[in-house]
Amino acid sequence: MRSVYVHIPFCNSICSYCDFCKVLNYDNWSTPYLDALKREIDEYYEEDTVKTIYVGGGTPSCLSVENINYLFKILSVIKREKNAEVTFECNINDITREKLEVLKKNGVNRISIGVESFNKYNLKLLNRKHDKKDVFEKIALCKELGFDNINVDLIYALPTEDMMVLRKDVSLLLKLDVDHISTYSLIIENNTALYNKKVKNINEELDAKMYKYICKKLKKKNYIHYEVSNFAREGKESKHNLTYWNNEEYYGFGVGAHGYVNNMRYENTRSLNKYMKDNYRLEELLVSNQEEMENEIILGLRKLKGISVSEFERKYQRSVFEAFNLEKAILKSYLVQKGDYLYIPEDKIYIMNEIINMIM
């Protein structure tokens, strides 16, 4: 059963670290964009039942109430399984009672909120417009209106940050009492404001120390570390993101979206003008069996549980031990087999990229 990702590129302000496909929000663009989104879905959706829908961006919550309703009218053609997970990304500043009520009415049952930090210097560097008071008030409002499945994002390893700032951020994050936390080490991507200002990453030792602190602190508070950057209370793991990490198929709709359907990986154009003229696809690639096995390793080993040896063989008619040279990684204890699962130990997950390079 597939999943659906829907990209809304509009933002009321542009964060300094963001390299996702986005543009400043103008009302006269939003409705024509949604019209084009409807046409793309009409053209490519195969009328199957999906298990998750994820509306991301950009900042979907910057849409007007009218356009949020219009968006879900468009998405109503997509058949959902009975307990489908429907996630909507929100910016703290956009959250209002009216918008949350609209989301509730349209079947959204999971909210993902970009908190990123509580520290005023971090927030200024990231060009985020909220403060600590806003975060607590808006998340309390989400809970009041019945959203009990909430994810919050944290960005760490900023050049304005030391361990004391991180400890304070994590402490406040835990006080929000939400079921899912995503944590991301700051990456300075090309063509972002931080890159243009020549901002440099902190040293790797401090980055690793921060990551280990986050893992230890959240684990102590009964969050399950189930993927490199993600922590959840039991049963609250992101079903949508697990679609990616399990290397399963999903639709990607919207400008800049990626998808994987019928063994075809595709990327949509990042040009808003081309997209609204119905020139959706930038690139399509029919994936070979070898490439799919490699994706299974690259994506699956992001999960702390790892990959199922028997499931790998069922999907590809080949043993993972024959397909890849795992001996060196196993001898170095970079990979461990426990029962049916092959995984990277938690104390080695920080060097996951090096381990995967060794395997490949």
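User: At the start of α6, which residue has a side-chain oxygen that reaches to the backbone nitrogen of M164?

Analyst: This is a predicted model, and the values discussed here are computed from it. At the start of α6, the backbone nitrogen of M164 has a side-chain oxygen within 3.2 Å. The residue that supplies this oxygen is D162.

User: Which residues of α6 are buried, and what covers them?

Analyst: Buried here means a relative accessible area under 20%. In α6 the residues that count as buried are M163, V165, L166, D169, V170, L172, L173 and L174. The cover over the buried residues of α6 includes the helices α4 (120–126), α5 and α8 (204–220), together with the strands β6 (110–116), β7 (150–156) and β8 (180–185).

User: How many salt bridges does a search of the whole structure find, and which residues are linked in a network of them?

Analyst: A salt bridge needs a side-chain nitrogen of Lys or Arg within 4 Å of a carboxyl oxygen of Asp or Glu. With that cut-off, the search of the whole structure gives 17 salt bridges. The residues linked in a network of salt bridges are R2, E46, D48 and E249.

User: Where in the chain do the partners D42 and K38 lie, and are they buried or partly exposed?

Analyst: The side chains of D42 and K38 form a salt bridge with an N to O distance of 3.1 Å. Both residues belong to helix α1 (residues 27–44) and stand four residues apart, about one turn of the helix. An α-helix has 3.6 residues a turn, so residues three or four places apart point the same way. With relative accessibilities of 46% for D42 and 38% for K38, both count as partly exposed.

User: What separates E137 and K133 along helix α5?

Analyst: These two side chains meet in a salt bridge at 2.8 Å, N to O, with E137 partly exposed at 41% relative accessibility and K133 exposed at 56%. Because E137 and K133 are four residues apart in helix α5, their separation is about one helical turn.

User: How many residues apart are E144 and R97?

Analyst: The side chains of E144 and R97 meet in a salt bridge of 2.9 Å, N to O. This pair links distant parts of the chain, since E144 is in helix α5 (residues 132–144) and R97 is in helix α3 (residues 97–105). E144 is exposed, with a relative accessible area of 52%, whereas R97 is partly exposed at 39%.

User: In the open sheet of three strands, what is the order of the strands, and which residue of β17 is the bridge partner of I307?

Analyst: The order is β15-β17-β16, with antiparallel pairing, and the edge strands, each pairing on one side only, are β15 (307–308) and β16 (336–338). Two bridges join β15 to β17 (residues 341–343). The bridge partner of I307 in β17 is L342.

User: How far apart in space are G57 and G254?

Analyst: G57 belongs to strand β4 (residues 49–57) and is buried, with a relative accessible area of 10%. Not counting residues up to four places away in sequence, G57 touches Y5, H7, I8, F20 and E89. G57 and G254 are 197 residues apart in sequence, and their C-alpha to C-alpha distance is 9.5 Å.

User: How many disulfides are there, and how far from C142 is the nearest cysteine sulfur?

Analyst: A disulfide needs two cysteine sulfur atoms within 2.5 Å, and the count comes to zero. C142, which is in no disulfide, counts as buried at 0% relative accessibility. The nearest cysteine sulfur to that of C142 belongs to C90, at 6.4 Å.

Methods
Residues are numbered from 1 along each chain as its sequence is written. This is a predicted model: local features need pLDDT of at least 70, side-chain atom pairs count only at pLDDT 80 or more; totals for chains, interfaces and linings use all residues. Side-chain values use heavy atoms; hydrogens and water are left out. Buried means under 20% relative accessible area, exposed over 50%, partly exposed in between (1.4 Å probe, protein chains only). Contact means heavy atoms within 4.5 Å. A polar contact is a pair of N or O atoms within 3.5 Å; within protein, one must be able to donate a hydrogen and the other to accept it, and residues adjacent in sequence count only if both atoms are side-chain atoms. Two strands pair if DSSP finds at least two bridges between them.
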